[in-house]
Amino acid sequence: MKKLGIIFNRFLRNQKGAAAVEFALVAVSFVFLIPVAVDIATVINKSVILSSSVRAGVQYAISYPDDNSGIAQVIQTASGFPSGSVSVTVNQFCQCAGVSSACGSICSSGAVANTYNTITASYAVPIILPYDNYPTNSYTISKSATVQVK
């Protein structure tokens, strides 16, 4: 029995292989964190690209406020995303001194109502891991901008 106790004590004091065990524990953590980091970076990158694409659409809308398909085409082209993958909506509305009014109507100040376009673009970013809230393996980002066009 005493001999078994001595062997057990030697085993507890032996440090050989400890670094390999520690490395294995840390490496497994990194293997699981890398896809998460890639997903987050991808979503941030695509969000920035979509924002700049909406800005390009706004610049086009200033010159061609009634060309909704042209605005959508400019955003799709500027994004560089696969064809048809960006959903674009353009809503036009008018205001007199911050109050909604009919487009083309005359305000109490005698000026014509200001016309605005709200441009919204959405894109489903493909992600690597299936997260609980995103079972379709995609995360939808949406960007919007409002510009006075007339």
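Helix H2 (residues 18-63) packs against helix H3 (residues 68-79) at an angle of about 145°, and their axes lie 8 Å apart. Helices here are DSSP runs of H or I with at least four residues, strands are runs of E with at least two, and both are numbered from the N terminus. The axes are lines fitted to C-alpha atoms, for helices over the stretch in contact, and angles run from 0 to 180 degrees between N-to-C directions.

The structure is a predicted model, in which local features need pLDDT of at least 70 and side-chain atom pairs count only at pLDDT 80 or more, while totals for chains, interfaces and linings use all residues. Residues are numbered from 1 along each chain as its sequence is written, and side-chain values use heavy atoms, with hydrogens and water left out.

On the H2 side, the contact (heavy atoms within 4.5 Å) is made by Ile49, Ser53, Val54, Ala56, Gly57, Tyr60 and Ala61, and on the H3 side by Gly70, Ile71, Val74, Ile75, Ala78 and Ser79. Of these residues, nine are nonpolar, four are polar and none is charged. In this grouping Ala, Val, Leu, Ile, Met, Phe, Trp, Tyr, Cys and Pro count as nonpolar, Asp, Glu, Lys and Arg as charged, and the others, Gly among them, as polar.

Helix H2 also holds Ser47. With 15% relative accessibility, Ser47 counts as buried, where buried means under 20% relative accessible area, exposed over 50%, and partly exposed in between (1.4 Å probe, protein chains only). Leaving aside residues up to four places away in sequence, Ser47 touches Ile141 and Lys143.

The model has two disulfides, each a pair of cysteine sulfur atoms within 2.5 Å.

| Disulfide | S to S distance | S-S torsion |
|---|---|---|
| Cys94 and Cys103 | 1.9 Å | about 105° |
| Cys96 and Cys107 | 1.9 Å | about -80° |

The torsion of about 105° makes the disulfide of Cys94 and Cys103 right-handed. Cys94 is buried at 2% relative accessibility, whereas Cys103 is partly exposed at 45%.

The disulfide of Cys96 and Cys107 is left-handed, because its torsion is about -80°. Cys96 lies in strand S1 (residues 86-96) and Cys107 in the loop between strand S2 (99-101) and strand S3 (114-126), so the pair ties together parts that are 11 residues apart in sequence. Both Cys96 and Cys107 are buried. With the bonded cysteines of the protein chain numbered in sequence order, the pairing reads 1-3, 2-4.
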